[in-house]
Amino acid sequence: MITHHPSDFTLARLAAGTLGAGPQLVVATHLSGCPRCRRGLRSFWAVGGAMLDEAAPTRLSPDAFAQALRRLDETDPPAEPAARVLHPDLPPPLNAYEIGRWRFVPPGFRWRRLTLPESPDANVIMLKIAAGQPVPHHGHSGTEYTQVLTGSFTDSLGRYRAGDCIEMDEEVNHQPVVDQDGECVCLAAVEGRLRLSGWIGRLIQPLIGI
Amino acid sequence: MSAPAPSADDMKQWLKAVAEHEDRGAFGRLFQYFAPRIASFMERGGLNAAEAEEISQETMVVVWRKAALYDPAQAGVSTWVFTIARNLRVDLARKASRTSAGVAAMRELPMRLEASVEDMALASERDARVRSAMATLSPEQATVLRLSFFAEKPHAEIAKELSLPLGTVKSRTRLAMAKIRAILERDQ
Ligand SMILES: [Zn+2]
């Protein structure tokens, strides 16, 4: 049962295309398991359609339509990328992305980096944290998005289970801890620069190179 | 004098004619309606006139190519065209010469997952409902919605337009948007 969702503001920005590539991947992974948020996305898409209808028509160059017709004849449709699943154990669209190898630093904590060909600057990482360990927070330069893939963790605001998406502003000061019943795997991204804080963050930040 | 706005059914018919008969006359009507609006929408989102016109043309070429994939049960024509233009705009911003497999998976996801009969029944009415709901938003809500669609740094611009301190704008924006969504989905 999903109890934590990205904000409607985030869904609106996803619909509009103004959400950053990293957060977009985290939120899209949440959407693949959350009908409630998919409905929200579609509502905001419809808002986009309505805004398009309401846009005051601008003046195009006189031969705009002729040019478009020429392009229908000239352009070969670009090859659509083949659908692929690189990681059958992960939900879409996350399972279509290349993910680096696990790094073990420090004990009880592993992380691996995702490659986003569409946005090489985006920093999205997957974290695997042992039962009872604190979750390093990453953020402080923008809103932080975390999707729980397996396991659960708890902080002063609640408990977060597989399928939950947590959207946390930089000013929120919390110390989440993985629950005792097993390890926890999460996907995390921030808007803006990714910066890890806390003792784990200080330890691995030089290694991640950000 | 501009031509009267086409109805949602007109647009569906034109798209169908494009899909089934490669009807260039119908494509011309779609172009006449959408291309100047897409360009205007893109200029509002910060593109210059040339870039905006380029996106509008590219969008219409994709409309031509993908007309057969349009499913009236999933979305209104304007919403469908909007999502095409939006994706091209995002690709331009990222200077992506081609869409990655991950992005392709991301883009087809919401539609693909929503193929149940119940959702289709809802989809056919969603556009009209959203439109009338938008007309009932307060000026503050309308500003939040507009800036989340068009502003690159929505929080900063919402703070400026609504004279809110930056410290409170995030929570205010979130509350406003949750209310907006409740209004949009009120009758569901
Ligand atoms: Zn959700």
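These legends describe close-up views of a predicted model. Local features need pLDDT of at least 70, and side-chain atom pairs count only at pLDDT 80 or more.

**View 1. Overall make-up of chain A.** Chain A has five helices and 10 strands, taken as DSSP runs (helices H or I, at least four residues; strands E, at least two). Of its 210 residues, 56% count as buried, meaning under 20% relative accessible area with a 1.4 Å probe, protein chains only.

**View 2. Glu185(B) and its partners in chain A.** Glu185(B) sits in the segment after helix H9 (166-184) of chain B. Its relative accessible area is 9%, so Glu185(B) is buried. Its side chain makes a polar contact of 2.6 Å with that of Ser43(A). A second, of 3.4 Å, joins the side chains of Glu185(B) and Arg39(A). A polar contact is a pair of N or O atoms within 3.5 Å; within protein, one must be able to donate a hydrogen and the other to accept it, and residues adjacent in sequence count only if both atoms are side-chain atoms.

**View 3. Aromatic pairs.** The structure holds 10 aromatic pairs over all chains. Phe153(A) and Tyr160(A) form a tilted pair, 5.0 Å centre to centre with 40° between the planes. Both Phe153(A) and Tyr160(A) are buried. The planes of Tyr33(B) and Phe34(B) lie at 80°, with centres 4.8 Å apart, so this pair is edge-to-face. Rings of Phe, Tyr and Trp (its six-membered ring) pair if their centres lie within 6.5 Å; planes under 30 degrees apart count as stacked, over 60 as edge-to-face and the rest as tilted.

**View 4. An aromatic cluster.** Ring pairs link Phe65(A) with Phe27(B), Phe31(B) and Trp64(B).

Notes: Residues numbered from 1 in each chain as written. Chains lettered and ligands numbered in written order. Heavy atoms only, no water. Buried < 20%, exposed > 50% of the residue type's maximum accessible area, 1.4 Å probe, protein only.
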